[in-house]
Amino acid sequence: MLKGKKVIIIGDRDGIPGPAIEECIKTTEAVPVYTTTECFV
């Protein structure tokens with residue numbers, strides 16, 4: 001499903017941070033092109 005897809009990852013400071021999501025994405029065939037963790041208040 002994600003084979004060859006490029007993904008942008010936006011994590012949440014109080015939830016799941018971007019780098020944690022990126023580690024999960026790396027187990028697929030997708031390519032993370034941008035990762036960040038934001039604070040949504």
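Met1 lies in the segment before E1. Helices (H or I, at least four residues) and strands (E, at least two) are DSSP runs, numbered from the N terminus. Met1 is exposed, with a relative accessible area of 93%. Here buried means under 20% relative accessible area, exposed over 50%, and partly exposed in between (1.4 Å probe, protein chains only). Met1 and Ala30 are 29 residues apart along the chain, and their C-alpha atoms are separated by 8.9 Å.

The model is predicted: local features need pLDDT of at least 70, side-chain atom pairs count only at pLDDT 80 or more, and totals for chains, interfaces and linings use all residues. Residues are numbered from 1 along each chain as its sequence is written, and side-chain values use heavy atoms, with hydrogens and water left out.

Strand E1 (6–12) and strand E2 (31–38) are the elements that give two or more residues to the nonpolar patch. E2 gives the most, with three residues. Val31 lies in strand E2. Val31 counts as partly exposed because its relative accessibility is 40%.

Charged contacts were examined next. A salt bridge is a side-chain nitrogen of Lys or Arg within 4 Å of a carboxyl oxygen of Asp or Glu. By this rule the count comes to three salt bridges. One of them joins Arg13 to Asp14, with the closest N and O atoms 3.4 Å apart. Arg13 and Asp14 are both exposed.

Lys26 forms a salt bridge with Glu22, where the closest N and O atoms are 3.9 Å apart. Lys26 also forms a salt bridge with Glu23, and here the closest N and O atoms are 3.6 Å apart. Lys26 has a relative accessible area of 48%, so Lys26 is partly exposed. Glu23 is likewise partly exposed, with a relative accessible area of 48%.
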